[in-house]
Structure formats: structure tokens, C-alpha cells
Amino acid sequence: MTALHDPLTLPCGLVLPNRIMKAALSEALGTKRNAPDERLERLYTAWGSGGYGLIVTGNVMVDRTQLGEPGNVVIEDERDLDALSRWAKTAKNGGAPIFAQINHPGRQSNPLALGHVPVAPSAIPLKLPGAATPRELTSGEIEDIIDRFATAAAVCETAGFDGVEIHGAHGYLVAQFLSPLSNQRDDEWGGDSQRRMRFLIEIIRRIRSRVSPSFAVALKLNSADFQRGGFSEDESRGVLAAVASEGIDLIEVSGGSYEQPAMMGAAAASTRAREAYFLEYARTVRELIGDVPLAVTGGFRSRSAMQDAVSGGECDVIGLGRPTATTTNAAEQILAGHTEALTAHTIRYGVPPVVGRVVNLKTMDGLLDLNWHTDQLHRLGAGLRPDIKRGRFATTVAMVRRNGRASFGRKRGL
């Protein structure tokens, strides 16, 4: 019977010391040049000594003209190699391997960056108020983005990271290619499900051609995007079956997007109570992916639920996200038996239901909760303790300030 403290050997040979992973949380702590600095080093020093078997960074973008939010770290070449090496080392000093999550936002780029034109598989905007209509990517641009993912991965290996995780979930560009709602192309990059998954498969192949066999390549994929006519569980299973033979070392299951924020703390109370939002889906893919280890992130809070999922063979790795923003040593707390359940902090606007006729309340609350946790990461990066009493107003002001600082002036290269 597998236990949470048991090590796990990935197909590439990398050994994870235990089964609890610090899942990706977008830190938005890069410099104005989109490089890591001492704030990220300070934050990852805390996580690195937190007892995790694996640490995954937040969004590392592959194109500085296309950011998910201001403050994203960007890797286009080796210009920030020394800073990247220091960042990786701070986590590894505590004994935990570290993966960089590499990503492109596509149409889900910073919504407050006025003058910015996002790109996407098709010229279809997000179903959110004020969302800009993206420009459809050309075939040549698609090839360039694929190569950018591979370049970022190669730089990460040189910098000392143990692997990368391709972000194929939460409505970002890879997920946009996979969904029939956002990808309505009729060329080799869209149409049926096989052509829609080609972008992802080519990214995996290109990365594998540029890194060593011992460097891990992981994938984060939605179980579904929870939109009618969108990326379904059946299509997700088809993608996993296809990528399992492409040299993937770990698959992380999640779900949702900014339009349907299953991943942003906006789940119903009944869903939160049963923990492990995507575990039922995970049970259905074990045979499809063969020996590729499976991680499930979203909702885990109690030690018993984590242990049951691993010992029952439903997944190999437990991903913890939001709890690690206020309890940086969450893994140690669970593994050492210091706590039976992690504290989950949730913040809501609490506006009257009538407002829901005008705006999507679930999205509003999801964004508020997401930014509340981002605020905690910024405090940790500044050497401060988390502020669990931080309120809605302070969080909203910080959210607008953080995302709005890049709102004035058109970025070059767009």
C-alpha cells in the first residue's frame, strides 16, 4: 500500500522524495524586465523547506509581448540565466525537485493592458465583460510559439530546474487549441480533435528534442472546461491517451478556465466538502496513461483524503495550491502528522444575487479569491507573514493596481 511519504520515480529517472506537490500558483513577482529576483528566492526558500516531494512554479511565459499578468517571469533566451539558476537553487536547497510551469496566455492575457492585442487559435473573445477580440494566429506564428516552449525548457534545464510543466489547462493557449469553442480553424491546427491536439503534441515533441532524457516533461491538463460544447472529459481522455507515449513524465489533472473558474476556489460548497474535485475523472484515465504518474490538484485538504487517494491507486501525487500560500510547510504538516486537515481560506464579494444579471458572480468571486492568495505570496516574497484577515477592499485595490500598471501604452512588438 502506497503511503504519502513514499518516494516516486518518474519515467525520466527523477525521484520525488514523497507524494505531496506544491502545485503552481501564479506569483506575479517578476521584475519590470520579467526576471526573477530576491522576492521569488525568498518565497521559494520557504516552500523549498516545506517538506514537498515536488515544487512547481507559477506561470513562466514564453513571450514577453504576451503576458497573463504583469509580473510574470518570461524565458525567451539565456539573458536571465543567473537569476533563474538562483531561483531554482533556493527550492532545491531544501531537498525538493522543482519544475518551471511554462505557458502562453493566448486570448487570456492581461485584461487591463489597454492597447494590447491578444492572439489565439481563432478570433473568438472570452465570454467576459470587456474582453478583447484576439487576432487569429498564422501557421508561422504557431510554429514560432512551439519553438518558444522548447527554448524555455532548454534554458530551464541549463538553469538547474529538474523539469518543466506545460500548462495545458485553465483556458490558456494550449487549452484554447484543444477546445472546439475557441479553436474553429479549418487547417492542420484545428477542426477535429486530432488536429486540435496537434499543437500540444508538437510542443511536447519539440521540448523532448531539445532537453536531455533525464529532464522531466510534465503536462497540466483540464479534465474538462465545463462549458457546453467545449472541451469534454471524453476529449480530455483522448488527449491523455495520445500524449502518454510522447515522453511525458507526469500528468497533472485540473479543470476550468476564467470563464468557468473551477480552479479558482469558486466550487460549490458541496464540491469543496468532498475534496479532490477531479479525482473521479482521474479514476477513469489510469489505464489510458499506462505507467505515467498522475497528479490531482484541487480541493485536497485532509490527510485522510490524500492518503486514501494515493493508497487506493487513484493518483500518484497530491497537488496542493492555495493552502501553501498561507501554510508554506503544508506538506511537512501533513506528513509529520502535525495536522489532520489544512486550513482553506476563501474570500467572496458577497454581492446581492440581482447583480448576477449583469456580471458573472462566480467569476468575480474566483478572481477575488485568486488575488487574495496572490497578495499572500507577495507578502511572503517581501519577508512578511501571511495576512489572513486581509479584506475584500484591500484585495480589490491591489488586484487593480497590480494588473493595471501595464494598462497605459502599447507594448512594442504587437
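Select I166 and display its contacts (heavy atoms within 4.5 Å): leaving aside residues up to four places away in sequence, I166 touches I102, F149, V174, L200, I203, I204, I207, V217, A218, L219 and K220. This is a predicted model, in which local features need pLDDT of at least 70 and side-chain atom pairs count only at pLDDT 80 or more, while totals for chains, interfaces and linings use all residues. Residues are numbered from 1 along each chain as its sequence is written, and side-chain values use heavy atoms, with hydrogens and water left out.

Of its 88 residues, I166, F199, I207 and V243 touch the most other members. Helix α3 (residues 139-159) supplies the largest share, 10 residues; helices here are DSSP runs of H or I with at least four residues, and strands are E runs of at least two, numbered from the N terminus. A second, separate core of 16 residues includes L8, C12, A23 and V56.

Move on to helix α1 (residues 38-48), whose buried residues are L40, E41, L43, Y44, W47 and G48. They lie on the same side of α1, because they cover an arc of only 165° around the axis, taken from the directions from the helix axis to the C-beta atoms.

Finally, select N34, in the loop between β3 (20-22) and α1, where phi is positive, near 65°, in a residue other than glycine. N34 is buried, at 9% relative accessible area.

Methods
Buried < 20%, exposed > 50% of the residue type's maximum accessible area, 1.4 Å probe, protein only. Core = buried A, V, L, I, M, F, W, Y, C linked by side-chain atoms within 4.5 Å.
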